[in-house]
Amino acid sequence: MKKIYFIHFFVLLLMSITFFSCQKEEKEYIDEIPADTIKASSPLTSLLLRTSQNPGSYDDIIDDNGCASVLLPITVFANGQQLAINTSEDILLIQQIFNQFPNDTDTLEIAFPISLQLFDFTQVIVNNQSELDALAATCGVNDIEIGCLDFVYPISFFTYNSDQQQTGSVVVTTDLELFIFLQGLGPDDFISLDFPISVILADGSTTEVNSNQQLQNLIADCVANTNNDPIDISQFEENLTTGIWYVEYFFNDYDETDNYAGFEFSFTLNGTAQAVNSGTNVPGTWALVDNFKFNLFFGTNSPLDELDEDWEILEATADIIKLKHISGSDGSTDYLTFGRNPNIGGNNTELNLFIENLITGSWFVNLLEENGTDHTANFNEYEFTFLRNGAATVISNNNTINGFWTAEVDSGNLDFILNFETTTNGSFGELNDDWDVLEATQSIIRLSDVSGGGGGTDNLTFGREPNGGGGGGPDPQELRDILQSGTWYVEKYLDDGDDETSDYSGYDFTFFSNQNIFATNGSQNVNGIWIVTVTGQELNFELDMDSPINGANDDEYKALQYSSTSVTFVTKNSDGNIEDTLIFKKN
């Protein structure tokens with residue numbers, strides 16, 4: 001019996017040991033559950049969701065929505081120019097068009113419908129701009145993706161129930177998998193990261209993370225230190241106050257860069273500046289003012305006084321600072337570029353002459369040839385006017401087409417860059433290019449461009465008469481008949497480039513066959529004489545008005561261009577360059 005009791009006792013002892021051993025293992029298992037579990041409502045979960053959500057900021061130039069991305073391909077019209085956006089890299093083409101003409105108002109039109117992928121990777125169809133704007137309005141600052149760091153996958157999570165008992169583990173290998181996992185957490189679900197994990201920072205370095213708090217601090221610091229300002233102020237100040245700067249470009253109606261040849265500019269951290277030229281030191285000041293504008297002041301003496309503006313910063317690096325200023329008086333745009341290359345002058349004569357001829361009178365396409373194919377007839381009905389502020393207007397009997405132009409000297413060569421909207425007439429896309437100027441006079445502009453397609457050459461020629469018009473030499477009687485056909489007003493009078501049109505505001509002019517001219521503004525009558533003659537291939541125009549509108553009197557005008565509704569007269573200096581411009585328009 002004792003033996004039997006002993007066996008029973010031994011069995012019970014073994015069972016007890018086994019039971020308590022199991023309880024101890026279970027207790028040790030529970031004790032190993034991390035104390036820093038998180039759930040759906042935890043701050044770290046929210047940060048992880050924003051870090052893994054669908055990225056939407058890279059295409060904001062299209063949808064203005066950091067919480068969504070456009071599904072490609074789509075078609076857009078950037079400043080009227082049609083673009084096929086097939087890849088994310090193509091989005092840069094939009095910015096390139098916007099940057100090409102900094103004096104214009106950038107516009108983007110989208111060919112709807114398009115599809116958007118939202119922050120949670122779901123997709124919606126957007127049918128018009130109003131729907132797109134409404135979606136963008138729902139995206140708050142705290143909803144935008146956190147894109148300043150990335151996770152090194154795979155990442156493992158342990159899952160627990162509300163009793164803090166482990167229920168399993170999950171491995172995620174992509175942002176999408178991480179977002180879906182976190183988005184699917186219920187209110188009673190708890191999770192913990194299997195540390196350590198690795199995180200890739202904005203500078204490309206990788207760091208190891210070993211706790212929730214460390215990870216949360218890392219993401220929060222990343223967000224706080226992300227600089228959304230248009231410029232990095234401290235870096236700008238460091239670049240500005242280091243070394244010598246030169247005016248590499250200054251444009252104020254014309255290229256005036258040569259005015260600053262020989263000047264060296266330096267800036268200090270205390271807001272002072274100096275311009276040195278041939279041993280003469282001109283003190284100045286600088287400051288960053290509202291909206292990150294760069295305020296310069298060098299006094300009232302020419303030419304430095306023209307730099308005294310609040311400049312908008314277009315680009316700022318250690319080697320170049322590009323600025324622009326829009327005048328509050330006439331809306332014209334000035335451009336100023338500081339660089340590290342000394343300004344020795346002598347670069348703007350050709351460019352200024354080109355601009356002067358371009359903006360005086362109207363032009364017509366006399367030739368457009370693309371890879372040997374003549375497309376000139378597409379533009380026969382259009383009259384081109386190029387304005388000093390960089391705008392361009394093209395008029396036909398049926399419509400008006402707007403665009404922009406700019407001219408620059410690049411590597412010693414004169415370039416003429418055109419950009420017309422193409423929604424009204426797609427043929428104008430054939431003109432949108434960076435053209436090399438082969439010849440430029442008062443009567444002709446010949447351009448060429450090596451095509452990016454097959455390497456062929458495109459040719460574009462502007463002339464003063466419509467394609468197929470003119471010929472046979474000038475006819476003085478034709479101009480006389482035009483002037484006698486109605487009443488006229490002075491649309492523009494430039495005296496050595498100075499705009500004095502306002503002196504003739506309100507006056508209507510009548511040209512009589514006896515060579516008398518009569519002008520009236522309703523309260524004051526002015527008499528004068530006019531004469532049209534011909535010398536060789538030029539029509540001469542003489543004007544002699546009585547006071548008070550005698551500022552445009554001259555006997556050396558040449559008829560640059562005339563039509564039934566517009567006549568442009570100019571005077572020229574000894575070099576053949578335009579001095580004065582007088583434009584009459586028919587009422």
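## Close-up views of a predicted model

The chain shown here has 10 helices and 39 strands. Please keep in mind that this is a predicted model. Of its 587 residues, 39% count as buried. Among contacts between residues at least 6 apart in sequence, 50% join residues at least 24 apart. The accessible surface comes to about 29900 Å², and 49% of that belongs to carbon and sulfur atoms.

**View 1. Helix 9 is largely enclosed by the rest of the structure.** Helix 9 covers residues 349-359, and eight of its 11 residues are buried. The buried ones are Leu351, Asn352, Phe354, Ile355, Glu356, Asn357, Leu358 and Ile359. Following the helix you will find glycine 361, which has a positive phi near 80°.

**View 2. Isoleucine 578 is a buried residue in strand 39.** The strand spans residues 578-586. With a relative accessible area of 5%, isoleucine 578 falls under the 20% limit and therefore counts as buried. What does isoleucine 578 touch, leaving aside residues up to four places away in sequence? Its contacts are Glu356, Asn357, Thr360, Gln442, Val570, Thr571 and Lys572. Two of these, Glu356 and Asn357, also belong to the buried residues of helix 9. Threonine 360 and isoleucine 578 are 218 residues apart in sequence, yet their C-alpha atoms are 9.1 Å apart in space.

View 3. Proline 73 sits in the loop between strand 1 (68-70) and strand 2 (74-78).

**View 4. Aspartate 64 and phenylalanine 121 have positive phi values.** Most residues other than glycine have a negative phi. Aspartate 64, which is not a glycine, has a phi of about 50°. Look for aspartate 64 in the loop between helix 3 (60-63) and strand 1, where it is exposed at 60% relative accessibility. Phenylalanine 121 has a phi of about 75° and is found in the loop between strand 5 and strand 6 (123-126). Phenylalanine 121 is partly exposed, with a relative accessible area of 21%.

**View 5. Glutamate 538 pairs with lysine 558 and with lysine 572.** Side chains of opposite charge can pair when their charged atoms come close. The structure holds five salt bridges. In the one between glutamate 538 and lysine 558, the closest N and O atoms are 3.9 Å apart. Because glutamate 538 lies in strand 36 (residues 538-545) and lysine 558 in strand 37, this pair ties together parts 20 residues apart in sequence. For lysine 572 and glutamate 538, the closest N and O atoms are 2.9 Å apart. Lysine 572 lies in strand 38 (residues 566-572), so its pairing with glutamate 538 in strand 36 ties together parts 34 residues apart in sequence. Through shared partners, Glu538, Lys558 and Lys572 form one network of salt bridges.

Technical notes. Residues are numbered from 1 along each chain as its sequence is written. This is a predicted model: local features need pLDDT of at least 70, side-chain atom pairs count only at pLDDT 80 or more; totals for chains, interfaces and linings use all residues. Side-chain values use heavy atoms; hydrogens and water are left out. Helices (H or I, at least four residues) and strands (E, at least two) are DSSP runs, numbered from the N terminus. Buried means under 20% relative accessible area, exposed over 50%, partly exposed in between (1.4 Å probe, protein chains only). Contact means heavy atoms within 4.5 Å. Accessible areas come from the Shrake-Rupley method with a 1.4 Å probe; for residues, only the protein chains shown count as cover. A salt bridge is a side-chain nitrogen of Lys or Arg within 4 Å of a carboxyl oxygen of Asp or Glu.
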